[in-house]
Amino acid sequence: MMDWTTSDYRVFARCLTKHTLLYTEMVTTGALLQGDNPARFLKCDDCEHPIALQLGGSNATDLAKCAKMAEEYGYDEVNLNAGCPSDRVQNSLIGAILMAHPQTVVDAMKAMQDATPIPVTIKHRIGLDDQQDYAVVRDFVGMIADEGVETFIVHARNAILQGLSPKENREIPPLKYDFVYQLKKDFPDLEILINGGIKTIEETKEHLRHVDGVMMGREAYNNPWVLSEVDQSIFGATNVVNDRFEALERFIPYAESQLAKGERLMHLTRHLLGIFQGLPGGKQFRRYLSENGHRSDATIDVLVDAIELVKQKLDKSKG
């Protein structure tokens with residue numbers, strides 16, 4: 001979700017759901033410790049809570065420093081990514097390749113827990129390459145749990161480290177939800193969350209019969225309206241908004257404040273493109289924003305006009 005679940009997207013997500021735990025894009029320890037502007041990656045709006053900072057790295061000392069930074073910036077959780085299959089990060093021992101180095105993960109998790117009192121969690125796959133035995137993920141989880149880690153987010157696919165792109169790694173390796181269900185049976189005292197290919201509230205409810213939580217990734221970005229159902233259907237609370245137009249109205253003041261700070265409109269509206277997915281006017285909405293939002297002088301009126309196009313299309317479809 002790098003470059004996707006930015007602060008701008010997360011603020012929009014909060015226009016749809018109050019209770020969902022949000023995760024940042026993966027931020028590497030190098031970006032935080034060696035870059036000249038760590039705040040660029042760590043800044044978040046007050047409305048984004050509850051929110052977790054996801055880290056990419058393997059050096060225990062560096063991860064501990066970044067976990068402390070997460071605490072200082074007010075994050076509610078810090079999460080280690082041991083699931084990203086990208087070859088861009090493998091050489092730095094970041095992401096899914098960490099599953100081949102469990103002791104490194106153990107050392108990292110212990111250092112992070114020692115550095116901060118906020119929850120330290122991990123996201124990982126069920127195995128690497130051609131590993132097919134459930135014992136692989138069972139032993140990996142057990143080894144880390146022995147260090148006091150309590151929350152595991154499990155992408156129910158193997159990561160193929162050579163030969164598949166990150167996109168293909170999200171689609172080609174078969175989903176094995178039963179492996180994640182079995183983890184909850186074998187480790188009943190751990191918090192086990194499931195991830196991978198989940199697109200609807202109905203699917204979420206079915207998974208919650210077997211595990212403690214569900215992480216939704218691409219679908220929550222490409223079809224953000226799905227988040228509007230979560231508060232009522234999953235948490236038993238009142239939904240934040242009644243329709244998509246109300247959600248966009250809630251986002252506009254934030255967008256205006258960011259534009260006043262010099263932000264480009266396209267950097268904001270790119271996160272909204274899927275809000276009318278499947279509805280009359282959705283294509284026009286996306287096209288209008290794509291064609292007009294990139295201009296350096298684009299104002300909030302571009303978004304307002306795009307919304308009006310959808311309203312007109314919907315009115316015609318009803319007539």
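Predicted model: local features only at pLDDT ≥ 70, side-chain atom pairs only at ≥ 80, totals over all residues.
Residues are numbered from 1 along each chain as its sequence is written. Local features need pLDDT of at least 70 and side-chain atom pairs count only at pLDDT 80 or more, while totals for chains, interfaces and linings use all residues; side-chain values use heavy atoms, leaving out hydrogens and water.

Start by selecting Met109, Ile122, Ile144, Phe152 and Phe285, the residues with the most contacts inside the largest nonpolar core, which has 92 residues. Such a core is a set of buried Ala, Val, Leu, Ile, Met, Phe, Trp, Tyr and Cys residues joined through side-chain atoms within 4.5 Å. Buried means under 20% relative accessible area, exposed over 50%, and partly exposed in between (1.4 Å probe, protein chains only). Helix H13 (residues 244-260) gives this core its largest share, 8 residues. Helices (H or I, at least four residues) and strands (E, at least two) are DSSP runs, numbered from the N terminus.

Next, select Arg10 and Glu48, which form a salt bridge with their closest N and O atoms 2.5 Å apart. A salt bridge is a side-chain nitrogen of Lys or Arg within 4 Å of a carboxyl oxygen of Asp or Glu. Arg10 is in helix H1 (residues 7-14) and Glu48 in the loop between helix H3 (39-42) and strand S3 (51-56). Arg10 is buried at 3%, as is Glu48 at 0%.

Move to Lys110 and Asp114, a salt bridge at 3.1 Å inside helix H6 (residues 102-115). Lys110 is partly exposed and Asp114 exposed.

Finish at Lys184 and Asp212, a salt bridge at 2.8 Å. Lys184 is buried; Asp212 is partly exposed.
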